[in-house]
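Work through the exercises below with the sequence and the model side by side, and try each task before you read its solution.

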Amino acid sequence: SNHNKLNKVMAQKPQKLPPEIWNNVFGYLSAAEKFNVRATCKFFKTIVDHRSLWKDWTVVLDFKNGSYNKKFWDTLRHRHVSSVVVKSTKMKHWKQLALFLPILTTVVMDQSSQECFSCLTGFPNMRRLVLRNNSSDLLLDISRFPLFLPERLTYLSMCGVMFPTTSVSKFISVLSQFKNIESLICHQVGIVGETMWMLHSTLACLHKLKHLSLSGVHILCTYRHSDPKPSLGPSVEADALALSSLELIDCMDPSLPAHGLRFLPGLKSLAVFYKHSHHDIPEMWSLSPCRLKTWLHDLPQLSTLIIVKGPPVNKYITSIPATVTSLTLCVAGLTSEDMAAIAVQVPNLHHLHVDPWPSHLGAHTADLPRLFPKLKSLKIRHEHVPERDFLQLCHLQDLKHLEILDNTPQLSALTGKPLSCNLSSLQEQFFRLLERHSKLFFGCFCLLFCSPSR
């Protein structure tokens, strides 16, 4: 294993190997393991603190014991830390952060407050801003933002941030100032308005937007066809929109228009996280048409589709575009017939994540290599699958990544079976176990709770 190889290397005197070799070795270690190695000697401390080992890492600053000392900040600077999560609303902590780490490009304001906005002037290189979990209403006033912020931000995420107003028009008027935003996340912000109105309004003012994720009260409201949709503007035709990825959270399918996504024919990725499952409220979809079916008909270029909960799969299978190469279905009650129909619909599927919890595929897991022979990655449950059927996955000749979704997977007995031999490209890291509560440092925690309950 990698750890055995590391132990043999570590048995040598550190200075006998050049720093570049150690740097490569330490690149395989977790953060906790790096800290342990760092504490052994000054030679390793210098190597572990090299910026190449901390690229794209995010530091969480909670200030539980007050302000950090200069040595701490010097270490972060030496590692070229550019992304932080700040769990403090005290001005002195923000001023200290701006003093020692002005090079930050990503700032997550956990427990954000109105007073902290003035401190953002200390980060002229900031491009990504995340606001979440504020304890009081946040006055979304553009005049309170640093002058450079609206034009420089390319990523803006707001989750659990409440504003004094619930008006879509006032909310959109502020968003329109962020002309260069490419990714926008609005989850649980308490803005009341129809989903499609919110979607049209946002795209009408943010022409560079590539990824949009909406959640909250507006998802629950009904779209009135008598309401005029905002114009996308004379310079932006529907087929020229930059948007390629759309997420709808806490969706209520029957309340939305049948052709609500017709104006996004170029959409490449769609994720719909329904508020309810047909398994919990079967009457919701038994009496109403499935909007998702018509949505998918209107998306001829779709390559990634994610559906969590919602209507039975057989209501929209035939509408899934053949262009889809990545499919996630966390939908209760998936049957072998459903899987066979999906295979016909998407013959070039490369990535599959299937989780029919609380039901399961069971012995039908053995059919996956026959149904989806081109799979390169697979996320699936091992629980309730007979060992003989699970081992049939060895026939997936192109599979590079297998992720087991069980909370307590019992895989030790399988690692020596023929399956691992047929997936030699995975070497010794054959199984990657999903950590249920992995921290999304500058993302949104909403999606962790939209998937089926465990």
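The model is predicted, so local features are taken at pLDDT of at least 70 and side-chain atom pairs at pLDDT 80 or more, while totals for chains, interfaces and linings use all residues. Residues are numbered from 1 along each chain as its sequence is written, and side-chain values use heavy atoms, with hydrogens and water left out.

**Exercise 1.** Find which residues of helix α6 are buried, and state what covers them.

*Solution.* Begin with the terms: buried means under 20% relative accessible area, exposed over 50%, and partly exposed in between, with a 1.4 Å probe and protein chains only. Helices (H or I, at least four residues) and strands (E, at least two) are DSSP runs, numbered from the N terminus. Helix α6 covers residues 91-100, and its buried residues are H93, W94, Q96, L97, A98 and F100. Next, look for contact, which means heavy atoms within 4.5 Å; the cover of these buried residues includes β1 (59-61), α5 (70-78), β2 (83-86) and β3 (106-110).

**Exercise 2.** Describe the aromatic pair of F35 and W54, and say where each ring lies.

*Solution.* Rings of Phe, Tyr and Trp (its six-membered ring) pair if their centres lie within 6.5 Å, and planes under 30 degrees apart count as stacked, over 60 as edge-to-face and the rest as tilted. This rule gives 11 aromatic pairs. In one of them, F35 and W54 are stacked, at 5.7 Å centre to centre with 20° between the planes. Since F35 belongs to helix α3 (residues 31-38) and W54 to the loop between α4 (42-48) and β1, the pair ties together parts that are 19 residues apart in sequence. As for accessibility, F35 is partly exposed at 44%, whereas W54 is buried at 7%. Finally, the charged end of K34 sits over the ring of W54, 4.6 Å from its centre; the rule here is that NZ of Lys or CZ of Arg is within 6 Å of the ring centre and within 35 degrees of the ring normal.

**Exercise 3.** Locate H80 and D250, and decide whether each is buried, partly exposed or exposed.

*Solution.* H80 is in the loop between α5 and β2, its phi is near 60°, a positive value in a residue other than glycine, and at 42% relative accessibility H80 counts as partly exposed. D250 lies in strand β8 (residues 245-251); phi of D250 is also positive, near 60°, and with a relative accessible area of 22% D250 is partly exposed.
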